[in-house]
Amino acid sequence: MKKIIAPSLLSADLAFLYRDIEMINESEADWYHIDIMDSSFVSNISFGSLFTKYVKKYANKPMDVHLMILHPERYIKEFKAAGADHLHIHYEACIHLNKTIFSIKEYGMKVGVAINPHTPVYLLQDLIQEIDFVLLMSVNPGFSGQKFIKQTYQKLEDTKDLILKKDSSALIEVDGGINLENASLLFKNGADILVVGTTIFSNYNPKKIIHRMKNNI
Ligand code: DX5
Ligand code: ZN
């Protein structure tokens, strides 16, 4: 278990973006998580590759980019150019998922497949050996600040079983509604990476929250 923390910039104060980037640079956080939304796959619109490019300019940690968009294959090259290190695509948004996974790898990025709360883990059985991350959505994607869906604990178990059964090296990432309490349970139950927005950025001492999450205190 890796215990990686990836703050989600969706909850940052965008008027003070550079300040928040510097905070993450100086903190114990491991990655930047960037949520891209298209108003079709999810009902919200957030950032694009231009935003990603400017964060990359100042960030000193890997860029974990979560595409909540339909037909993400259209944008692989663009996000590589913008500085993405990891690209997550949604199972529900891809018709030719296998092809898209290989295309992301050909561009030299790590690849994750995200699943919505309603999507069962067994659907990943024919691709889990090909991917670097399984991204379990613990809220319905589209907005930060939502309530954690408890069914995620069962999905975590199912994902661990599938990884073991298929001898996969995929890491498990959980995204949405994470606070200090469920963070420690999720790490204890085998999550490798936690994406955290509101709990970090709504606190007056975000570095301390990151420290506490990483150290289970
Ligand atoms: C939801 C996004 C999440 C979100 C997390 O669609 O994928 O990354 O920003 O924010 P919190 O931690 O507030 O749920
Ligand atoms: Zn996300």
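Colleague: Why is serine 168 called buried?

Modeller: This is a predicted model, so every value here is computed from its coordinates. Serine 168 has a relative accessible area of 12%, and buried means under 20%, so the label holds for serine 168. Serine 168 is found in the loop between α5 (152–165) and β7.

Colleague: On to the metal. Which residues coordinate the zinc ion (ligand 2)?

Modeller: The zinc ion (ligand 2) is held by His33 through NE2, Asp35 through OD, His66 through ND1 and Asp175 through OD. The distances are 2.1 to 2.3 Å, and donors must lie within 2.8 Å of the metal, so these atoms count as donors. Along the sequence the donor residues follow the spacing H-x1-D-x30-H-x108-D. Histidine 66 in strand β3 (residues 63–68) and aspartate 175 in strand β7 (residues 171–175) are 109 residues apart, a pair that links distant parts of the chain.

Colleague: Why is the site of the zinc ion (ligand 2) called octahedral?

Modeller: The zinc ion (ligand 2) has six donor atoms, with angles of 67 to 168° among them. For six donors, the label needs opposite donors over 155 degrees apart and all others between 65 and 115. The site of the zinc ion (ligand 2) is classed as octahedral on that rule. As a reference, the ideal angles for six octahedral donors are 90 or 180 degrees.

Colleague: How do you know whether histidine 66 and aspartate 175 are buried or exposed?

Modeller: Buried means under 20%. Histidine 66 is at 0% relative accessibility and aspartate 175 has a relative accessible area of 8%, so both count as buried.

Colleague: What makes you say that strand β2 (residues 32–37) is largely enclosed by the rest of the structure?

Modeller: Six of the six residues of β2 are buried, so the strand is largely enclosed. Tyr32, Ile34 and Ile36 point one way, while His33, Asp35 and Met37 point the other way, and all are buried.

Colleague: What makes β3 and strand β4 (residues 86–90) a pair?

Modeller: Three bridges join β3 to β4, and the two run parallel; the threshold is at least two. Aspartate 64 has histidine 86 as its bridge partner in β4. From β3 the chain passes through helix α3 (residues 76–82) to β4, in a β-α-β crossover that is right-handed.

Colleague: Which residues are closest to ligand 1?

Modeller: Gly142, Gly145, Asp175, Gly197 and Thr198 are the closest of the 21 residues that surround ligand 1. Oxygen atoms of ligand 1 lie 2.8 Å from a side-chain N or O atom of aspartate 35, 2.8 Å from a backbone N or O atom of glycine 145 and 2.5 Å from a polar side-chain atom of threonine 198. Each of these distances is within the 3.5 Å cut-off for a polar contact.

Colleague: Last one: why is tyrosine 18 called partly exposed?

Modeller: Tyrosine 18, in helix α1 (residues 17–26), is at 47% relative accessibility. Exposed means over 50% and buried under 20%, so tyrosine 18 falls in between and counts as partly exposed.

How values were computed. Residues numbered from 1 in each chain as written. Chains lettered and ligands numbered in written order. Predicted model: local features only at pLDDT ≥ 70, side-chain atom pairs only at ≥ 80, totals over all residues. Heavy atoms only, no water. Donors = N, O, S within 2.8 Å, 3.2 Å for Na, K, Ca; no water. Tetrahedral: all angles 85-135°; square planar, octahedral: opposite > 155°, others 65-115°. Helix = DSSP H or I, 4+ residues; strand = E, 2+ residues; numbered from the N terminus. Buried < 20%, exposed > 50% of the residue type's maximum accessible area, 1.4 Å probe, protein only. Near = heavy atom within 4 Å. Polar contact = N/O pair within 3.5 Å; in protein donor to acceptor, adjacent residues only side chain to side chain. Right-handed = clockwise from strand over helix to strand, strands pointing away.
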